[in-house]
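Here are my notes for your first read-through. Keep the structure open beside them and find each residue as you go.

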Amino acid sequence: MQISITKNQNPGKLPPSDKLGFGTIFSDHMFIMDYNDAEKWHNPRIIPYGNLSLNPAGSGIQYANTVFEGMKAYRWADGSIHLFRAIENAKRINISAERIGLPQIPNEIFLEAVRKVVDIDRNWVPSEKGTSLYIRPFIFATDPELALHGIHNAIFVIILSPSGSYFAEGIKPVKIMLETEDVRAVRGGTGYTKCGGNYAASNRAGDRALAKGYSQVLWLDGVHRKYIEEVGAMNVMFKINGTVVTPSLENGSILGGITRKSCIEVLKSWGMPVEERLLSVDELIGAAESGKLEEAFGTGTAAVISPIGELFYNDKKYTVNNFEIGETAQKLYDELTGIQWGTKPDKFGWTECV
Ligand SMILES: *Cc1c(COP(=O)(O)O)cnc(C)c1O
């Protein structure tokens, strides 16, 4: 692929690590490629980061015809820059695109675009412990008409945002509220994709949880309102009586996280029992009441592992593991971040140097 490059004539500067936060600062460049039915994907280019000019009737804006990915580049102690399981993100954006009717991108083109734009902005990969360059690839429809005639025009964009350490003061457990009213996904819907609409459907419950002092909601299935699904942008795992239990992906309403998949593979390599299955809220609360719920944690690219210290369900609070990070969560966090930052051997072959 021949990518044309227009350099930013006013390059910015990477702020100090403690000023980074998440998703508010962007690097000097972005990648863009256009699609239409006749030309297919064409005009790949890297240009200075900036506003896009869009037709306001565009179906990406009007109808949420948009899918995205979230991945990171990590700077190792020797200064080299590495991606983590990037092929999984390439595959997943296509699974999402297929569901929404957006054009898919050949994996190799996706990967080449990510590598190239990260390489051009490699100065934007922070180096302090726990920091990384968050990579946001996304595809959205640009058909300039309000009628619903399928998707024939789209763009693929990659933007880069240096991000701070998620847990600046060490890993801190979060409080999670079980949502009993709204649902985010149903069988046959779009729950298994990273499509924009899923997050729109989540806002109201998220706002209500925040107002009550809970950082995120834990979703129940959309049909029975009985089975545990996942947290806002994280999958969820529970250690019950020595076994790690996580909801299975069979129903199609849960996002198949790459961190989730990595945790399962690491746990199995340690010989720890892992079960992917239906987990009802009654079983979970029963385990919490009988003291068998040993740990609860979310898994996702942003935080890697996010321990859950409190669950709120039907007006009752359930404290998990004394509001402390559990042994398994800590071990998983150390192992995955060790591989990502190159301080532990990459036995699985998950990292690649950019
Ligand atoms: C992105 C996301 C996750 C986590 O996926 P990772 O690949 O581990 O980052 C989980 N649930 C939802 C709804 C998500 O959007």
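This is a predicted model: local features need pLDDT of at least 70, side-chain atom pairs count only at pLDDT 80 or more; totals for chains, interfaces and linings use all residues.

1. Start with a term. Contact, or touching, means that heavy atoms lie within 4.5 Å. Setting aside residues up to four places away in sequence, Phe 156 touches Phe 31, Ile 32, Met 33, Trp 41, Ile 93, Ile 105, Phe 110, Ala 113, Pro 137, Phe 138 and Ile 139.

2. Now place Phe 156 in its setting. The largest nonpolar core has 40 residues, and Ile 139 and Phe 156 touch the most other members. Several elements each give two or more residues to this core: β2 (29-36), β3 (40-48), β5, β6, α2 (86-100), α3 (107-120), β7 (132-141) and β8 (153-163). Which element gives the most to this core? That is α3, with seven residues.

3. Next, the domains. The domain assignment gives domain 1 (4-165) and domain 2 (174-340). Their centres, taken over C-alpha atoms, are 27 Å apart.

4. How many residues of domain 1 are in contact with domain 2? The count is 19, and they meet 22 residues of domain 2. The area buried between the two domains is about 1800 Å². Carbon and sulfur atoms give 59% of that area. On the domain 1 side, Phe 84, Arg 92 and Arg 99 lose the most area to domain 2. Together they make up 32% of what that side buries.

5. The rule finds two salt bridges across the interface. Find Lys 261 and Glu 88 as well: they form a salt bridge, with the closest N and O atoms 3.2 Å apart. On the side of domain 1 that touches domain 2, β4 (66-68), β5 and α2 each give two or more residues. The largest share of that side comes from α2, with seven residues.

6. Last, a single residue. Ser 80 sits in the loop between β5 (71-75) and β6 (81-84). Is Ser 80 buried or exposed? Ser 80 counts as buried because its relative accessibility is 14%, and the cut-off for buried is under 20%. The side chain of Ser 80 makes a polar contact with the side chain of His 82, at 2.9 Å. Leaving aside neighbours within four places in sequence, Ser 80 is in contact with Tyr 74, Arg 75 and Cys 353.

Conventions: Residues are numbered from 1 along each chain as its sequence is written. Side-chain values use heavy atoms; hydrogens and water are left out. Helices (H or I, at least four residues) and strands (E, at least two) are DSSP runs, numbered from the N terminus. Buried means under 20% relative accessible area, exposed over 50%, partly exposed in between (1.4 Å probe, protein chains only). A polar contact is a pair of N or O atoms within 3.5 Å; within protein, one must be able to donate a hydrogen and the other to accept it, and residues adjacent in sequence count only if both atoms are side-chain atoms. A nonpolar core is a set of buried Ala, Val, Leu, Ile, Met, Phe, Trp, Tyr and Cys residues joined through side-chain atoms within 4.5 Å. Domain bounds come from an automatic or database domain assignment. Buried area is the accessible area (1.4 Å probe) that two parts lose on being put together, summed over both. A salt bridge is a side-chain nitrogen of Lys or Arg within 4 Å of a carboxyl oxygen of Asp or Glu.
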